[in-house]
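Notebook open, structure loaded. I'm jotting down what I looked up, in the order I got to it.

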Amino acid sequence: MTKDSGDKGRYRDETLLSVLGRDPAANHGVVNPPVYHASTILHESAAALKEATKTYYGRYGTPTTFPLQDSIATLEKGYRTYLFGSGKAAIVAALLAFVKSGDHVLMTDSAYGPTRSLANGLLKRMGVETTFYDPCIGAGIADLMRANTSVVVGESPGSLTFEVQDFPALAAAAHERGAVLVVDNTWASPLFCQPLVLGADISIQAGTKYIVGHSDAMLGAVTTTEAHVEALRRIFEELGAAPGPDDCYLGLRGLRTLSVRLQRHQETGLALARWFRERPEVRQVLHPALEDDPGHALWKRDFSGASSLFGVVLEPVPEPAVDAFLDSLALFGLGYSWGGYESLALPTYPWKLRDATRWDPAYPLLRIYAGLEDPDDLIADLERGFERMAAARDA
Ligand SMILES: *Cc1c(COP(=O)(O)O)cnc(C)c1O
């Protein structure tokens, strides 16, 4: 007799995080799916070899990768998830699944930098042209659609500048012309936004960020609706960019605590955002959960929470003073990526990248990531940072 694992369709997300992907009966009673290091899978007979469909070679998935992909598919409310060795690999796969030479792509001007490089590099070399659009264009995207537009790429809130996009409006315009809407949902994680429910066809997660949650593994996930599963299955097999079993294990381990971490990240992120907003050194805080943020209404409509990555636009100040601020921080590490337990800060330069929107280089922009430290300690650290900035400016 096996213990009833309950009706998973009935559970809320927090409960799903605890029950998804577990199969103790198949693993000697062990609670968590173990790490299966596997390339070759042996079969009992020639007949079994020929009939094998699910587990037949390590690159196509193992009893370690299946629970993670199935869990993400459930949380994203999608039909199936394919896993990749990084978020970038997931983005490459999602785009290559739908474009061919001669096609046109519409990409948000606020796309993650390496997504933009993909458009300006590989896609361009393949003969695919990309037009970057204003992330706040909404239904107006219909005017940019061409007969050969096959993919609209969205990301909300956008990288570095945090504009919230109207996914239902983008989806309607894309579908009207036979294109697909592919979106990067990393900021919200599958807990705070489900783009497929809002009309997107594909939702991408850089699992490296909140899903892994500890800055120690790289993972990407592409979740599709049923209509596009064949295109995704094909590109997954063609690219062969499967993640390793240890990283999948860390992704599944990370999922178990995702909701409590996100809740804390959300609170601390908002506390820091509100604190920054009161500072005389700050011109604007780019955080969609702030009531006066231009994206607030859309965020409130489409998201169930805010993660802890946001932007801070400073009043004009020389670059060495900004560097002095960053150098003085003890709790905010200076480094790329985010989604771990530790806070990070980064100077960013959207004016060097964008072409559909304008960002004024006179106002330095910082990207702040709030980790799980005590918010008052973080604020004290930032306060010291502004003191050093003032000293460097006045020196
Ligand atoms: C980090 C990131 C990615 C890429 O993920 P990697 O695992 O670093 O390749 C994609 N999209 C967004 C929004 C990201 O922040």
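This is a predicted model: local features need pLDDT of at least 70, side-chain atom pairs count only at pLDDT 80 or more; totals for chains, interfaces and linings use all residues.

I started with S215, which lies in the loop between β6 and β7 (220-224). Helices and strands here are DSSP runs (H or I of at least four residues for helices, E of at least two for strands), numbered from the N terminus. S215 is not a glycine, yet it has a positive phi of about 55°. I get a relative accessible area of 42% for S215, so it goes down as partly exposed.

Residues are numbered from 1 along each chain as its sequence is written, and side-chain values use heavy atoms, with hydrogens and water left out.

S189 has a positive phi of about 65° and isn't a glycine either. S189 sits in helix α7 (residues 189-192) and counts as buried because its relative accessibility is 1%. I also found a cis peptide bond from S156 to P157, omega near -10°. P157 is in the loop between β4 and α6.

Next, α6 (residues 167-176), where I logged F167, A169, L170, A171, A173 and A174 as buried. What covers them? The cover includes β3 (129-133), β4 (149-155) and β5 (180-184). Just after α6, G178 takes a positive phi of about 75°.

Then the ligand. Which of the 15 residues around it come nearest? I get G87, K88, D184, T208 and K209; "around" means a heavy atom within 4 Å.

- T208: a polar side-chain atom is 2.5 Å from a ligand oxygen.
- D184: a side-chain N or O atom is 2.6 Å from a ligand nitrogen.
- K88: a backbone N or O atom is 2.8 Å from a ligand oxygen.

On its own the ligand has 380 Å² of accessible area, and the protein covers 92% of that. Areas are Shrake-Rupley with a 1.4 Å probe; for residues, only the protein chains shown count as cover.

G87 is in helix α4 (residues 87-96) and is buried at 7% relative accessible area. Skipping residues up to four places away in sequence, G87 touches Q205, A206, T208, L219 and G220; contact is heavy atoms within 4.5 Å. Beyond neighbours within four places, the contacts of Q205 include E76, N185, S189 and I211.

Cysteines: how many disulfides? The count is 0, using a cut-off of two cysteine sulfur atoms within 2.5 Å. For C193, the nearest cysteine sulfur is that of C136, 15 Å away. C193 is buried at 1% relative accessibility, and C248 is buried at 0%.

Last, domains. The assignment (bounds from an automatic or database source) gives domain 1 (8-256) and domain 2 (258-394). Their C-alpha centres are 27 Å apart, and 39 residues of domain 1 are in contact with 39 of domain 2.

Note on methods
Buried means under 20% relative accessible area, exposed over 50%, partly exposed in between (1.4 Å probe, protein chains only). A polar contact is a pair of N or O atoms within 3.5 Å; within protein, one must be able to donate a hydrogen and the other to accept it, and residues adjacent in sequence count only if both atoms are side-chain atoms.
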